[in-house]
Amino acid sequence: MKHPPADVEAAFRELFEAAYDDLLCFVERRTHLAVADDVVAEVFLTAWRRFDDVPASLSDARAWLFTAAYNVLRNRQRSDQRQQSLALRILREPGAPGHAEDDAVVARVDLARAWNRLPLKDQEALTLTVFEGLTGAQAATLLNISRPAFSLRLIRARRRLRHLLRPHLDVSMPAPAPAAGATP
């Protein structure tokens, strides 16, 4: 849709007014109501940024918006599935015999909570090295940052995770046994 600059805002406003309600209903039927407005806002933001790609006819433009909404919903679902898979991997039982199952479950829940409180960059650094098995150099290349920058990010991520787990580790760890012959 090629428009003179003066007509772009008017054309976008016309498209917004013509398609917003239908698009919101389309999205609400496919996702939770709490996120529907966010999805529709993301679609219109995309349409605004790529307005030259939006078809000229209102009918085709409406279909373009619905396709964009469908793609936004799919991206969100993939992201949610990745997070759930990661949480399940964290919660997976180690299978070690003699492990107190309750303590293990509590530890995994604590780890999952701490994990969810980490910034995404920290989660990414830990995931690439721990779960994906990449070396620091490989992870740095993947993230398009230098090796020292990745090392710093990984150190900080480990430190933050340790800090978030510390209250749980202090409580769950047994007190050290006094040395033989030591006085209390």
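1. H2 passes H3 in a right-handed crossing (near helix turned clockwise from the far one by less than a right angle). The contact (heavy atoms within 4.5 Å) involves Val35, Asp38, Val39, Glu42, Val43, Phe44, Thr46 and Ala47 on H2, and Trp64, Leu65, Ala68, Ala69, Val72, Leu73 and Arg76 on H3. Eleven of these residues are nonpolar, one is polar and three are charged.

2. This is a predicted model, with local features needing pLDDT of at least 70 and side-chain atom pairs pLDDT 80 or more, while totals for chains, interfaces and linings use all residues. Numbering starts from 1 along each chain, and side-chain values use heavy atoms, without hydrogens and water.

3. The axes of H2 (residues 33–49) and H3 (residues 58–91) come within 9 Å and cross at roughly 125°.

4. The largest pocket has a volume of about 360 Å³. H3 contributes the most to its lining, six residues; H3 and H5 (120–131) each supply at least two. Among the lining residues are Ser79, Arg82, Arg89, Gln123 and Glu132. By class, the lining has two nonpolar, five polar and four charged residues.

How values were computed
Axes are lines fitted to C-alpha atoms, for helices over the stretch in contact, and angles run from 0 to 180 degrees between N-to-C directions. Helices (H or I, at least four residues) and strands (E, at least two) are DSSP runs, numbered from the N terminus. Ala, Val, Leu, Ile, Met, Phe, Trp, Tyr, Cys and Pro count as nonpolar, Asp, Glu, Lys and Arg as charged, and the others, Gly among them, as polar. On a 1 Å grid over the protein atoms alone, a cavity is a set of points where a 1.4 Å probe fits but cannot get out, and a pocket is an open set with protein on both sides within 12 Å along at least five of seven lines; lining residues have an atom within 4 Å of a point. Grid points are joined across faces, edges and corners, and a volume is the space filled by probe spheres set on the points.
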